[in-house]
Amino acid sequence: MIKNYLKIAFRNLSRNKVYGFINIVGLATGMAAALLIGLWIWSEVSFDRYYKKHGRLAEIVSNVTMNGVTSSELDAAVPLANELRQRFPDDFKELALMASGNHMIAVGDKKMEQEGIWAEAGFPAMFTFNMLRGNQEALKDPSSAMISQSLAKELFGNEDPMGKTIRVDNTTDMKVTGIYEDLPSNSTFYGTEFLLAWENKDNPGRGSDGWTNHHYELFVELSDQAGSDQAVSGQAGFDQTGSGHSVLGPGSGLSGRGQSGFDQSGFDQSRFDQISAKIKDITKPHIRGGWEEIMLHPMDRWHLYNEFKNGKATGGRIQFVWLFGIAGFFILLLACINFTNLSTARSEKRAREVGIRKAIGSRRWQLIGQFLGESLLLASFALVLAFLMAWLFLPSFNRLAAKELTLPLGQGYFWLLVLGFTLFTGLLAGSYPAFYLSGFNTVKVLKGSFRLGRFAALPRKVLVTLQFTISIVLIVSTLIVFRQIQYAKDRPVGYSREGLITIDMTTPELKQHYDALRNELLQTGAVENVAESSSPSTEVQNSMLGYDWKGRAPGEIGIGTVFVGYDFGKTLGWEIKDGRDFSREYPSDSGAVILNEAAAKLVGFKQPVGESIRWHDQEHAIIGVVKNMVMESPYMPVQPTFFTLYDRSIHLITIRIKPGMAIRGGLAKIEQVFKRYNPGSSFEYRFTDEEYARKFFDEEHMGSLVTVFAVLAIFISCLGLFGLASFTAGQRSKEIGVRKILGASVFSLWTHLSREFVGLVLLSCLIAIPVSTYFLDQWLQKYDYRTTMSGWVFLGTGVGAVVIALLTVSYQTVKAALANPIGSLRTDG
């Protein structure tokens, strides 16, 4: 019987090549898209699965409430680690402090800047680093270092690195005591090339004892009995000085942490919630004003739940997972709708087959099995083509999604998923046609009196409308996403990014000889100006406490602070709104401060210039107000920021290359100067415009992927529309012949045959507009600086959809209108 079903299925495919082609290509396109999206979703939900203890690990998050706003920061004070060890030994099996950054690593004449971390001894075991040489306790010696497999190859070639010395930042010699496997790209610490022992004397965080100095990260591993009830006790004898060190890390939001998806290592959110409740107030006795609470952020939520609101993880990349998952389902659904529409449209041609089979004894369930078998066979053919499409387009998809996805063809679970996916697609596409066709009345079919009812085409019209509604929603979404991105890009930033580069002063030599370095750079003829600062122009890395001024409201206020050199404003080209810039001609400027417009509004002075700000028991005169500069998110309001002269935190050099100077030639001259003061080190720099462009990374990638989804949706919809137009033209060939004989023109025939499809597309537009408006408005609400949904977007999309539909059906309708009417009138219906 199965063999017979297969014969019939192949025979139908060979007789109806056009419909077979449309069905297979449509299904394959939908399946390939769903397959690629599935790989992307899996890479997201399996993030950080490399670390075997991921279900028991968490990071300390500081919830800081200032100016009536609570922001959450992935940072902690160093003393907090010992406080938690001493007071909650039953809850935490291990704790580890960490400070990440770029450092110059040297072995002999080889020098390179690499990303690495200072980490406490328990860090490698917590995160289950896969050791190739040495063991996970390799950081116990204060002079020890662990390096990645790839860095070991770069530094030592084929030599054995164990026991050899590397120099860090031209100051610290460390001994290699371990080599670990390179960390995978779908892990939080991807790109970490080395670990340095926390207890080393040159680690800046080792001696930090300030409770308001939040430059470090603290990770915890829960013990087996963690989460049991325990009273919080003993909070006495603590420092309450509030020393004015940096409170907040870079920015006021969180970046780059997220959830791992399925639990395989005992992840239990309630355990983390219980412990968070026990430790949340532990820092308050140490901080004047008690403006901070802490909580645990589980590793299984780092990647996908990396956005916080009012001290709670509310979302993040999980929104993209849902968005792309829904998009993948709908694209597959569109392909299945094509199969359903074409199968039911051709039902009259198979009615006689169904009648004969029923007459000779076939039961309905056997007919259903036959038709489902045909759809599964088509789905199998489509799967082969889908794999080919996925393989061909995977590199392009990886570039769009910024991923390193591969088809896991060697994994058994993958093929089980593929089998289930194919069955699901075949059943989804074939269920309705199978039940519909198998329900025909045998007597009517065999007597020749069987005719489809007047509402038989209604389901097809509904499905076509659904197809184009989804397509139009995706097209509108694409336009609004890119409109929002462009709106933010067009926002005035308050300074000129052209020709600006930033360089880290990674070695003491650069800091010690800054003035001489600056003078030589200016003498090259390639440099217009040079400045030093504690933050780049694209980020405010410090928020400070302890500021006071006349009329300030009670309570602690954290204000973004950038420590700069005299030439910072001239180099960036900021705009002075009131007062003046810093100047070496005024010795008093060493204690002066410049406010941005947001800060001037915060302090509330009618004439800020001439007033003073008190900080660390010293008066700081306000000498100027500058226009707001967009130094953080281009989608958010500019935060109040103070600029002041200070040298201890300054670690960056900003250089503006002269306008008209070739960038390559200018960089070559700048590199020569740096080599004289930092010989043997690689010349590392960052373009400010590129750093600023990275702020649009998530939105641009989302926009690119949504564009792909929209193109696929409209392609699949048009493919089905083409098939229906072909069927309609063939079905109405006699009518067209009669109309043509009676004098109908080609244009009138084209209009007559096309208007039904155009009407369906217009109906789709009417449905899609309110649907897309609702969801896009929800998406735009998360941006303070956002575009509007202009009417031309919806009008243009509607007109475009109608034009595409007309172009799709015109080939078949014009072909039918041009056909010889005598031929169509001679044929049997």
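**From one loop outwards**

Guide: Let's begin with Thr128, which sits in the loop joining α4 (123-126) to β5 (131-133). Keep in mind as we go that this is a predicted model. Thr128 has a relative accessibility of 13%, and because anything under 20% is classed as buried, it belongs in that group. Its backbone deserves a look too: phi of Thr128 is near 45°, a positive value in a residue other than glycine.

You will find Asp48 in the loop between α2 (17-45) and β1 (57-66). Phi of Asp48 is near 70°, which is positive although the residue is not glycine. With a relative accessible area of 0%, Asp48 is buried. A positive phi turns up at Ala402 as well, where the angle is about 55°, just after helix α9.

That brings us to α9 itself, residues 364-401. A straight helix of its 38 residues would reach 56 Å at 1.5 Å a residue, yet the end C-alpha atoms of α9 are only 47 Å apart.

Buried in α17 are Gly666, Leu667, Ile670, Val673, Phe674 and Tyr677. Viewed down the axis of α17, these buried residues fall within an arc of 120°, so they line one face of the helix. The spacing has a simple background: an α-helix has 3.6 residues a turn, so residues three or four places apart point the same way. On the face of α17 turned away from the buried side are the exposed residues Arg664, Gln672 and Arg676. The cover over the buried residues of α17 includes the strands β17 (500-504), β18 (527-533), β26 (652-657) and β27 (686-687), along with the helices α13 (508-512) and α14 (514-523).

Now for two histidines. His620 lies in strand β24 (residues 618-626), and at 12% relative accessibility it counts as buried. A polar atom of the His620 side chain is 2.9 Å from the backbone oxygen of Gly591. Setting aside neighbours within four places in sequence, His620 touches Gly591, Val593, Glu611, Ser612, Ile613 and Trp615. His616 belongs to the loop between β23 (612-615) and β24, and its relative accessible area of 45% makes it partly exposed. The C-alpha atoms of His616 and Tyr547 are 7.8 Å apart, although 69 residues separate the two along the chain.

Ile326, in helix α7 (residues 318-345), reaches across the sequence too: Ile326 and Ala34 are 292 residues apart in sequence but 9.9 Å apart in space, C-alpha to C-alpha. Ile326 is partly exposed, at 44% relative accessibility.

Finally, step back to the whole protein. It has 23 helices and 27 strands, and 53% of its 829 residues are buried. Of the contacts between residues at least 6 apart in sequence, 80% join residues at least 24 apart. The protein exposes about 37,300 Å², with carbon and sulfur atoms supplying 56% of that area.

Conventions: Residues numbered from 1 in each chain as written. Heavy atoms only, no water. Helix = DSSP H or I, 4+ residues; strand = E, 2+ residues; numbered from the N terminus. Buried < 20%, exposed > 50% of the residue type's maximum accessible area, 1.4 Å probe, protein only. Contact = heavy atoms within 4.5 Å. Areas by Shrake-Rupley, 256 points an atom, 1.4 Å probe, with all protein chains shown as cover. Polar contact = N/O pair within 3.5 Å; in protein donor to acceptor, adjacent residues only side chain to side chain. Arc of directions from axis to C-beta. Expected span 1.5 Å × (residues − 1).
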